[in-house]
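My notes follow the display.

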Amino acid sequence: MHSKILILDFGSQVTQLIARRVRDAGVFSEVHPYDVDDEFIRNYGAAGIILSGGPNSVTEGDTPRAPMAVFEAGVPVLGICYGMQTMAEQLGGKVENGHVREFGYAEVRARGHTALFKDINDFTTAEGHGMLKVWMSHGDKVNEMPAGFKLMASTDNCPIAGMADEERRFYAVQFHPEVTHTVQGEAIIGRFVHEICGCKSDWNMPDYISEAVESIRQQVGSDEVILGLSGGVDSSVAAALIHRAIGDQLTCVFVDHGLLRLDEGKMVMDMFSKNLGVKVIHVDATAQFMGHLAGVTDPEAKRKIIGREFVEVFQVESAKLKNAKWLAQGTIYPDVIESAGKGKKGSHTIKSHHNVGGLPDTLNLKLLEPLRELFKDEVRKLGVALGLPHSMVYRHPFPGPGLGVRILGEVKKEFADLLRRADAIFIEELRNTQTEPAPGSNEKAMSWYDATSQAFAVFLPVKSVGVMGDGRTYEYVVALRAVQTQDFMTAHWAHLPHSLLGKVSNRIINEVRGINRVVYDISGKPPATIEWE
């Protein structure tokens, strides 16, 4: 049985990062809404509990509070930002609206030599005070600690930036240790889960495979399972894991809507059917999708059509598999977290994910989601551990509607064919070109594909004049997009070398008849989005 940390979510946009940092420390963690009941807390079996930040103010009467069982469970508790404030208020301290708000970088003085901060600092002042470089995001602040607590950290604007009751093992910080901007955040969370909570580093992918395989076998028994294989990382890893567990009881349906990347259909069939021995039904539905997309230019309408037709094709194929009792999906943990707590007071749902609760009732199949406990980086590690090719598992994200949202305006087969080839050239050259780290830096050279988070070509439905040889051309334009990001919430355009961009442009114009102009998108997110539609 794994040690586990329970994280109660008060609506912070970065709560997922807490769970990821805990898992990076080799400890299993789960996020649940703050308003679970006392019985849930008592029965969960947590080695420690973390209270997240949130958008509300403790000073207002009807705002979220932690279940009192959190403070009665006898396990260590760490409050972060709003979590610190509600801990203080619930245990007899006082919180006030801050006159000076703190957002962004701050330097915190560590005090009291508590177990959480002992020997952890970024620099020491001339007076010998240990200092932490952290990220703050708060308006309210604690101005009176509960009985039994001592001061653990302070800033000029926030005299009580951290507090601790070490007898009860309650700790709280006003800053966010889960974000990368807090330099020692990883060390602080590691200290909490390992030394204070006593958790072992027993969360790793090789061990997870054997546990997941056994769980799938128990859940499914002798029933048959059907899975919609898209060629993306999540569905591919789910297919490989389920096949490892139940073999021929799994049948995959691969729907080719005519909007995939170059040779993607062949790659998927070769990898799963030939190399892994998975039963895969390949459905070429290009004509069906293109027919319904004809004349449609609105991006949202295109997405809905592609989603609707995918379900239609999948239902037709699943109806042929009379013995299938389970529908497998590549739902991952962020999908579950973002869709949890919808409609609950104080919960700020970011989005409702298509994989969570979005099944057609007419399928009459039970749901199998073997990846629903994993973050994306864990899914990739699992894929490699299962023997999937590194190049496939670490591919850049690809939207569900495929090239349908990378062809601006109306989607036509002609446009998809041009875009496919242009995109393949761009990706090939990114893979073949190495970065050049600055002299004296610790960075290692890598391919520009690995140095970017997402890169692709976009088809623009406009024509421009060009000249080839002695002749005038009037052909289409493609835009290249490459971004670097950690969380896809914000992104910077990648500063690709001009020589690389020039080579890509030259190859596309020479090799893809029908395109005579290539441009590069240098918009950040925000204000632009990563995808164009």
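What covers the buried residues of α4? Before answering, a note on ground rules: I am reading a predicted model, where local features need pLDDT of at least 70, side-chain atom pairs count only at pLDDT 80 or more, and totals for chains, interfaces and linings use all residues. Numbering runs from 1 along each chain as its sequence is written, and side-chain values use heavy atoms, with hydrogens and water left out.

**Helix α4**

The cover over the buried residues of α4 includes β1 (4-9), α1 (15-24), β3 (48-51), β4 (77-80), β7 (130-144) and β10 (170-173). Helices here are DSSP runs of H or I with at least four residues, strands are runs of E with at least two, and both are numbered from the N terminus. I listed the buried residues of α4 as Gly-185, Ile-188, Ile-189, Gly-190, Arg-191, Phe-192, Val-193 and Ile-196. Buried is under 20% relative accessible area, exposed is over 50%, and partly exposed is in between (1.4 Å probe, protein chains only). I also checked the length: α4 spans residues 185-196, twelve in number, and reaches 15 Å from first C-alpha to last, close to the 16 Å expected at 1.5 Å a residue. That expected span is 1.5 Å times one less than the number of residues. After α4 comes Gly-198, with a positive phi near 75°.

**α8 against α9**

I looked at how α8 (residues 286-293) meets α9 (residues 299-319): their axes come within 10 Å and cross at roughly 145°. The axes are lines fitted to C-alpha atoms, for helices over the stretch in contact, and angles run from 0 to 180 degrees between N-to-C directions. From α8, the residues in contact are Gln-288, Phe-289, His-292 and Leu-293; they meet Lys-302, Ile-305, Ile-306, Arg-308, Glu-309, Phe-310, Glu-312 and Val-313 of α9. Contact means heavy atoms within 4.5 Å.

Most residues other than glycine have a negative phi, and most peptide bonds are trans. I found Cys-81 with a positive phi near 55°, in the loop between β4 and α3 (82-90). Asp-263 has a positive phi too, near 60°, and sits in the loop between β12 (250-256) and α7 (264-275). Buried or exposed, Cys-81 and Asp-263? Cys-81 is buried at 5% relative accessible area, whereas Asp-263 counts as exposed at 55%.

Then the prolines. The bond from Lys-525 to Pro-526 is cis, omega near -10°, and the one joining Pro-526 and Pro-527 is cis as well, omega about 10°. Pro-526 lies in the segment after β19, and Pro-527 is in the segment after β19 too.

**Asp-521**

I stayed in the segment after β19 (515-520), where Asp-521 has its place. Which residues does Asp-521 contact, leaving aside its neighbours within four places in sequence? They are Leu-480, Arg-481, Trp-493 and Trp-532. Asp-521 is buried, at 9% relative accessible area. Its side chain makes a polar contact of 2.8 Å with the side chain of Ser-523. A polar contact is a pair of N or O atoms within 3.5 Å; within protein, one must be able to donate a hydrogen and the other to accept it, and residues adjacent in sequence count only if both atoms are side-chain atoms.

**Val-213**

Last, I checked Val-213 in α5 (residues 205-220), which is buried at 8%. Beyond its neighbours within four places in sequence, Val-213 touches Leu-241, Arg-244 and Ala-245.
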